[in-house]
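Q: Could you show me how to read a structure of this kind, one feature at a time?

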Amino acid sequence: MLQRYGRWISGVVVGDLGESVYMQGVAINSILWRRVGHSMVLALTAFLMFVPLSIFFGVLAGVKEKKPTDSIVSFFGLATMALPEFVSGVILISVFAVQLNWFPIVSVIPIGESLFQNLNIVVLPALSITLVMFGYISRMQRSSMIQVMNSDYVRAAILKGMPRKYVIFRHALKNALLPTITIIGMNMGWLFGGLVVVETLFGFPGMGSLLMTAIKTRDVPLIEACVLLITVIYSLSTMVTDIMYSYLNPRIRFQGGQR
Amino acid sequence: MKYVLYQLKKHPLAIVGIIIIIFWLIAAFFGPSMVPFTHTQMDSEHQMVGPGTNGHVLGTDSLGRDLLARIVYGSRSILTVALMTSIVSTIIGVLLGFSAGYFGGRIDAAFLRSMDILMAIPPLVLSMVVLGILGDSSILSLTLIVSIAFVPATARVSRGVLLTEKSQEYVSAARIRGENHLYIMFVEILPNTTGPIIVEATARFAYSIMMVASLGFLGVGMQPPTPDWGMMVIENKPIIAQAPGAVLFPALAIASLVIAISIFSDFVSKVLIHER
């Protein structure tokens, strides 16, 4: 058993993930990377949607604390946060695909075409991931914004007579972004879990649905490869978060951080 | 008690949450004897019908099974698993987190590293892979595996609250009295940390419902014929155009329960933590 593990590890190090058991003789490398590319496109689209959106609305809610805008954003955030990806996905499908017929119900790429010729299939899956992430991040952004807006230096800036917009974006936002970045990094794990669910719901040909097929067919080498990859990407994203954090916060850079 | 009522008055949303939770609890306990159909009974004359046809309050799915009955039966399994998961993961978390934080040093370091390893795999991926490979999704195995996936979170929280209490004087007093470690940890410190731990447990309850529903959706959760809300969503997805209710009602069931518990857990944290 140890020997086999050794063989697997040494294969992984040189980039050979072995062969799939279920699909006899097919090298995992040949199927995995294409799927990973698709998943990356999906995750990136979702990322580009939820990060600006949730930061914007979080700031909005934080600045207008306890006004109607704030309660609407907060309640919407709580509601979307509590919905598992597939529930919001189903609601999106029934509205946009069944009723309005704007997007396809399933995200399947026709044979012989690439993902970029079928970009409309990415929209609904990315949107359902966005909804879940929006809740977490906008809530975090809101509370850190409120904290910063009540701090002395912001009050000083406002009393100095600076324009409100300038104070919010130049002074407050810089500091209020720090906790949000940590939360985004921490939620990467949920993002990957969400990818698996969303890809299964929409039949999107990505890494998550590949992992699901592997589990259903008990294709252990393929499962290993997928989980290994998810873990590596997740750890890397955590590391990038840490590095960005120290880059953005000079206090940590110079003191070596506090534990 | 008075204080709780006062807080309830201040947060009307919490009342809504509690009512929804009570509704689902009643549905789980008494529902199966109140609905006219069982979860496996097939009505071959009325397949994929809308709400209100032939006594099917919410309609039927593609096999003619009553949706209301399936949702009500499904609430039993999901509530059982989620409740047990939040309790088990909190207990394991407290045991691990307390011993790590209390003894410190090497034990603490080993604990932190092993939690890091467990956290490197997203909880949903971890539990679906383990359940999929085991191929056995009884209530017991589901509870155990989801609990283990949640332990890093609960253990870290318990360790954190223990560390803030550890330096208090009453702990040193107990130590000087010559009490043993177990007594200090669980009789002296634990009662002072119940607030954050209960808050964490209720939050875990909401997470575990999401998790169990997601696992059911992925087909590695509760196995048929036990109805599972997540499984109902994926099973009926092909007929979403003909019978949207078959997908929407279980989805709404999950949504209402999770939102109610999140509101409740928010309320609990307001009452228990800001009390002091």
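**Reading helices, contacts and burial**

A: We can begin with one meeting of two helices, where M115(B), L118(B) and M119(B) in α4(B) meet P152(B), A155(B) and R156(B) in α6(B); residues are in contact if their C-beta atoms, placed from the backbone, lie within 7 Å. Please keep in mind that this is a predicted model, in which local features need pLDDT of at least 70, side-chain atom pairs count only at pLDDT 80 or more, and totals for chains, interfaces and linings use all residues. Residues are numbered from 1 along each chain as its sequence is written, while chains are lettered from A and ligands numbered from 1 in the order in which they are written.

Q: Into which classes do the residues of the contact of α4(B) with α6(B) divide?

A: The classes are nonpolar (Ala, Val, Leu, Ile, Met, Phe, Trp, Tyr, Cys and Pro), charged (Asp, Glu, Lys and Arg) and polar (the others, Gly among them). In the contact of α4(B) with α6(B), 5 residues are nonpolar, no residues are polar and 1 is charged.

Q: At what angle do helix α4 of chain B and helix α6 of chain B pack?

A: Two packed helices are described by the angle between their axes and the distance between the axes. Axes are lines fitted to C-alpha atoms, for helices over the stretch in contact, and angles run from 0 to 180 degrees between N-to-C directions. Here helix α4 (residues 105–119) of chain B packs on helix α6 (residues 139–166) of chain B at an angle of about 145 degrees, and their axes are 9 Å apart. The crossing of α4(B) past α6(B) is left-handed, a term used if the near helix is turned anticlockwise from the far one by less than a right angle.

Q: How many helices and strands does chain B have?

A: Helices (H or I, at least four residues) and strands (E, at least two) are DSSP runs, numbered from the N terminus. Chain B has 11 helices and 0 strands, and chain A likewise contains 11 helices and 0 strands.

Q: Why does V148(A) count as buried?

A: A residue is buried if 20 or more other C-beta atoms lie within 10 Å of its own, exposed if 12 or fewer, and partly exposed in between. V148(A) counts as buried because it has 21 C-beta neighbours inside 10 Å. This residue, V148(A), has its place in helix α5 (residues 120–149) of chain A, and, leaving aside neighbours within four places in sequence, V148(A) is in contact with V154(A), A172(A), N175(A) and A176(A).

Q: Where is A172(A) found, and what does A172(A) contact?

A: A172(A) is found in helix α7 of chain A, and it is buried because 23 other C-beta atoms lie within 10 Å. Apart from neighbours within four places in sequence, A172(A) is in contact with M145(A), V148(A), M149(A), V154(A) and V167(A). V167(A) also lies in helix α7 (residues 164–186) of chain A, and V167(A) counts as buried because it has 20 C-beta neighbours inside 10 Å. Along the chain V167(A) and M149(A) are 18 residues apart, while their C-alpha atoms are separated by 9.3 Å.

Q: How many residues of chain A are in contact with chain B?

A: There are 27 residues of chain A in contact with 28 residues of chain B. The elements of chain A that give two or more residues to this side include α3 (68–82), α9 (207–216) and α10 (220–248). By class, the side of chain A that touches chain B has 21 nonpolar, 6 polar and no charged residues. As for α9(A), 8 of its 10 residues are buried, among them M207(A), L210(A) and I215(A).

Q: Which residues touch the most other members of the largest nonpolar core?

A: A nonpolar core is a set of buried Ala, Val, Leu, Ile, Met, Phe, Trp, Tyr and Cys residues joined through C-beta atoms within 7 Å. The largest nonpolar core has 133 residues, of which I209(B), V212(B) and V258(B) touch the most other members. Helix α11 (residues 244–273) of chain B gives the most to this core, with 16 residues.

Q: What average pLDDT does chain A have?

A: pLDDT is the predictor's confidence in each residue, from 0 to 100. Chain A averages a pLDDT of 73, and 76% of the residues score at least 70.
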